[in-house]
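Subject: Structure handover and notes

Hello,

Here is the structure I said I would pass on. My notes on what turned up in it follow below.

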Amino acid sequence: MEYILKNGIVYDPTNKVNGDKKDVMIKDGKIVDEVSSDAKVIDVTDKLVMAAGVDVHSHIAGPKLCVGRLYRPEDERRGVKPKTATTRAETGFSIPSCPTTGYRYSRMGYGTVTEAAVPPLEAKHTHEEIMAIPNIDISPLTLFGNNWFVLQYVKEGNLDDLAAFVSSWLKITKGYGIKCVNPCGSEAWGWGMNVHGIDDPAPYWDVTGRQVMRALVQVNEMLGLPHSMHVHTNDLGHPGNYETTLKTMDCVKDIKKNPSVSRDQIMHCTHLQFHAYGGTSWRDANSGAEPIADYINKHDHITCDVGQVTLDETTTMTADAPMEYDLYKLSGLKWANKDIELETASGLIPCIYSGKAPVSTLQWAIGLELFLLIKDPWKVVLTTDSPNAGPFLRYPRIISWLMSSDRRTEMMENKEVHKWATKRTSLGTLDRVYDWNDIATVTRSAPAKILGFKERGHLGVGANADVAVYDLEPEKFDPTKAANAPVVEDVLSRALYTIKDGQIVVKDGKIAKVVPSRHLWSNVQGFEKQEKKVLNDIMPMFNKYYTIKFENYKVHDHYIEPSIEYKVNASK
Amino acid sequence: MKTITLTPKKFSSIALEFDELIPDKVYDWNKEDFEKYEVPIGNSRFPLTDYFDIEIEGSAEGPEEVKMILDGDMGRVKYIGCKMSAGDILVNGDADLQVGAEMTGGSIKVNGNAESYAGREMKGGSLEIMGNVREYCGTSYIGEWRGMSDGIIKVHGNAGKQLADCMSGGEIYVDGGCDILAGIHMTKGYIEIGGDVTRWPAGQMKNGTVVIKGKLGRLLEGFEVEGIYKNPEIHGKQLTGKYIKYKGDIGVNGKGSLWLNAEKNRDLL
């Protein structure tokens with residue numbers, strides 16, 4: 001099938017197309033520069049056209065979500081929609097059902113989403129849920145930061161075997177990249193403890209977060225994985241943690257990037273807003289966004305996403321289980337905890353972010369500060385760490401805040417947010433606004449580049465035909481006006497067209513077609529011999545401590561239908 | 001004033017759902033509107049006229065001028081008066097699940113028994129049930145930790161298990177007896193039970209008041225005696241007789257009060 005999207009206003013930062021009126025041509029699921037006369041013409045004159053969105057960090061599939069749905073039936077009734085001829089019934093707000101997740105991302109014009117935390121033991125479950133999510137391609141990141149085998153190799157300083165272990169475990173879990181959550185902290189939680197800072201060792205192992213992160217970054221570059229190491233740093237959510245974050249960023253800066261990769265960074269720091277607090281307690285907490293933004297502005301080895309608080313009632317879920325316990329101690333709401341054997345832990349608790357509350361407001365303002373203080377939009381990605389800081393369905397609202405400093409001022413003046421926004425942060429003094437090119441960068445081009453996707457996040461010839469068209473005429477519309485913020489939010493949450501691999505999946509804000517999501521995974525070549533040795537070495541420990549047999553541990557091929565395999569040549 | 005009378009003519013074993021037929025939505029409906037309306041039954045919809053004869057008298061400018069009479073057995077009609085904010089509903093028979101759930105105003109009277117979840121998450125208005133109610137009357141939604149916050153529920157018969165789970169305001173009066181865990185997790189509000197209670201009232205209560213005028217089968221361990229009072233005034237009401245006052249639930253550092261009739265509960269003295 002061939003399409004030609006005619007006369008749209010195209011924003012494609014990767015190819016330096018900044019609001020030009022041009023046609024986008026599609027053939028056989030790819031962007032092309034020529035189509036035959038049979039191509040179907042779709043008139044999008046003067047409408048906003050971008051590549052389909054790419055999300056670098058979201059929790060959408062896996063056991064945490066399942067626990068959340070079981071645990072929060074009261075969330076499931078928010079957002080209930082009956083089935084239609086094409087879609088199944090929708091439920092849920094912060095933890096939507098699997099099909100709902102696909103429909104909502106698709107309606108916002110997104111095409112690729114990263115599931116940010118997959119414990120290897122639960123990888124099968126994750127892939128099963130991905131099979132139930134339609135319309136978006138999903139790249140799962142496998143958790144390594146608190147894995148016993150990893151800790152053992154780090155302790156021994158055996159990076160070669162660690163590289164073979166990671167490459168083997170990415171194959172076993174069908175993972176796309178390396179994720180590291182509160183390194184050593186989630187392991188310490190097994191003893192009822194946490195670690196503080198990057199130099200506090202995990203009990204028994206005597207290994208620190210610094211060592212684990214450095215080792216994983218080195219291994220990531222040895223293997224030449226498309227994405228860099230993806231880290232959720234220590235001390236999440238603790239006032240004063242910005243210093244830990246700065247140390248984390250600084251501790252890997254001497255590591256050389258693998259020359260074969262297309263990305264610029266060697267480490268991606270996720271949901272940075274949760275790691276940018278100053279002060280010593282919640283009484284005197286303030287913003288630590290400035291030193292962090294300053295560091296990122298001056299260094300090129302780090303990229304980040306924000307984890308913007310959206311001021312909603314949501315559900316937090318993370319492998320940082322000790323942090324969830326801290327949150328339970330603060331709020332007293334219902335808390336769930338999960339132990340993942342030799343690999344990690346996880347926790348879950350509802351969270352109410354309210355504009356009336358000082359702490360929620362501080363978090364909201366720090367997120368926006370990061371967006372506005374980090375000068376290069378290629379280094380920062382729009383996320384909400386969905387659903388931790390807010391559900392992904394609020395992305396359009398965040399865009400409306402970024403595009404209008406008037407709207408932000410209005411919120412602070414109308415007391416929609418607490419006075420801490422102006423008293424404890426510099427948000428009131430920041431009048432930078434994002435334009436459509438910046439928005440396209442932080443939602444498409446930058447995340448695609450950071451994740452190492454060459455065929456996504458842009459509209460150049462050869463790219464996947466993942467396109468979003470919005471019912472808005474950017475040349476006639478002023479998004480900086482506060483009164484236009486609701487329009488931006490409304491329009492971006494219901495794409496005029498979302499095209500996925502050359503198929504129209506959304507039309508006029510409604511799901512027009514349901515296609516299965518593809519599982520994106522990295523297959524490292526060139527480590528086969530070492531992988532075999534490593535497997536032999538660890539099997540005694542595996543058999544002794546795991547509750548399941550290795551034969552049942554592996555994610556078999558039929559769990560990842562359909563999939564895209566990214567072959568990584570490690571010998572390069 | 002507008003009176004809408006629905007008289008059942010056919011029974012459905014699968015429950016009908018009436019959350020769209022509340023005064024807020026139907027105050028300006030005429031007979032034709034009702035005749036074209038299709039009521040949800042299971043996963044489908046069928047014409048309301050298949051199941052009811054409909055009569056309408058008078059007219060209304062707003063929901064507060066509407067009186068709906070459901071003239072017969074509504075034992076298989078769920079969500080009667082759900083989310084209503086004004087007007088009156090009279091049920092001349094039993095009501096199925098969720099009668100008066102999430103109502104914010106107006107009044108409902110059921111001249112029969114009500115099934116479970118009557119007055120769930122009520123935020124205002126009044127719900128009166130002349131017969132018995134089943135489980136979870138005046139509670140929160142499953143999983144939700146914020147329950148009934150305002151309004152009055154009066155039950156003239158008995159109440160089932162877990163009355164007023166997570167209640168945070170409002171008043172509940174039960175003339176008859178009550179099953180286990182009345183007022184569990186409550187943080188505020190007033191519950192008065194006229195008859196006997198099986199076991200464990202007010203478990204994990206943080207605050208609020210529960211009064212039991214009958215015999216209590218078993219008290220939870222988290223309640224400490226504060227004293228015995230004669231003719232106490234509770235919640236602005238003068239009670240007659242001797243009452244034992246307990247404080248609790250100390251397991252959650254609660255400051256709620258549980259009052260037991262001393263005469264009927266001599267074993268606890």
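A residue counts as buried when its relative accessible area is under 20%, as exposed when that area is over 50%, and as partly exposed in between. Y546(A), at 6% relative accessibility, is therefore buried. Please keep in mind throughout that this is a predicted model.

Aromatic residues

Over all chains, a search of the whole structure finds 35 aromatic pairs. A pair of aromatic rings is described by the distance of the centres and the angle of the planes. One of the pairs is formed by Y328(A) and W335(A), which are stacked, with 5.2 Å centre to centre and 15° between the planes. Y328(A) has 29% relative accessibility and so counts as partly exposed. W335(A), at 25%, is partly exposed too.

Y546(A) pairs with Y553(A) in an edge-to-face arrangement, with 5.2 Å between the centres and 65° between the planes. Y553(A) has a relative accessibility of 2%, so this residue counts as buried. Y546(A) and Y553(A) also belong to one aromatic cluster, whose other members are F144(A), F149(A), Y153(A), F165(A), W169(A), F542(A) and F550(A).

In soluble globular proteins, nonpolar side chains tend to be buried together. Here the largest nonpolar core has 128 residues, and F165(A), V166(A), W364(A), F371(A) and W436(A) have the most contacts inside it. Helix 12 of chain A, residues 358-373, supplies the largest share of this core, with nine residues. Leaving out residues up to four places away in sequence, W436(A) touches Y11(A), L48(A), M50(A), M403(A), L472(A), P474(A), P479(A), V488(A) and L492(A). Apart from this core lies another, of 66 residues, including F18(B), V39(B), F52(B) and M103(B).

Two helices in chain A

Helix 1 (residues 63-71) and helix 4 (residues 123-132) of chain A have axes that come within 8 Å and cross at roughly 70°. The two helices are therefore roughly perpendicular to each other. On the helix 1 side of chain A, P63(A), L65(A), C66(A) and R69(A) take part in the contact, and they meet H125(A), T126(A) and E129(A) of helix 4. The residues of this contact divide into three nonpolar, two polar and two charged.

Two single residues

M68(B) sits in strand 6 of chain B, residues 66-70. Its relative accessible area is 1%, so M68(B) is buried. Beyond its neighbours within four places in sequence, M68(B) is in contact with I4(B), L21(B), I22(B), P23(B), V26(B), D88(B), I89(B) and L90(B). M68(B) and L268(B) are 200 residues apart in sequence, and their C-alpha atoms are 47 Å apart in space.

E489(A) is part of helix 17 of chain A, residues 485-493. With a relative accessible area of 22%, E489(A) is partly exposed. Not counting residues up to four places away in sequence, E489(A) touches P396(A), R397(A) and S400(A). Between the C-alpha atoms of E489(A) and E455(A), 34 residues apart along the chain, the separation is 28 Å.

Backbone points to check by eye

Most residues other than glycine have a negative phi, and most peptide bonds are trans. Where are the cis peptide bonds described here? One joins E561(A) and P562(A), with omega about -10°. P562(A) is in the loop between helix 19 (550-553) and strand 24 (563-569) of chain A. Another cis peptide bond runs from G248(B) to D249(B), with omega near 0°. D249(B) is in the loop between strand 20 (242-248) and strand 21 (256-261) of chain B.

N182(A) is a residue other than glycine with a positive phi, near 35°. This residue lies in the loop between strand 9 (177-181) and helix 7 (185-188) of chain A. N182(A) has a relative accessible area of 0% and so is buried.

W200(B), again not a glycine, has a positive phi near 50°. The loop that holds W200(B) is between strand 14 (197-199) and strand 15 (209-212) of chain B. At 26% relative accessibility, W200(B) counts as partly exposed.

Regards

Definitions and conventions: Residues are numbered from 1 along each chain as its sequence is written. Chains are lettered from A and ligands numbered from 1 in the order in which they are written. This is a predicted model: local features need pLDDT of at least 70, side-chain atom pairs count only at pLDDT 80 or more; totals for chains, interfaces and linings use all residues. Side-chain values use heavy atoms; hydrogens and water are left out. Axes are lines fitted to C-alpha atoms, for helices over the stretch in contact, and angles run from 0 to 180 degrees between N-to-C directions. Helices (H or I, at least four residues) and strands (E, at least two) are DSSP runs, numbered from the N terminus. Angles under 35 degrees count as roughly parallel, over 145 as roughly antiparallel, 65 to 115 as roughly perpendicular and the rest as oblique. Contact means heavy atoms within 4.5 Å. Ala, Val, Leu, Ile, Met, Phe, Trp, Tyr, Cys and Pro count as nonpolar, Asp, Glu, Lys and Arg as charged, and the others, Gly among them, as polar. A nonpolar core is a set of buried Ala, Val, Leu, Ile, Met, Phe, Trp, Tyr and Cys residues joined through side-chain atoms within 4.5 Å. Buried means under 20% relative accessible area, exposed over 50%, partly exposed in between (1.4 Å probe, protein chains only). Rings of Phe, Tyr and Trp (its six-membered ring) pair if their centres lie within 6.5 Å; planes under 30 degrees apart count as stacked, over 60 as edge-to-face and the rest as tilted.
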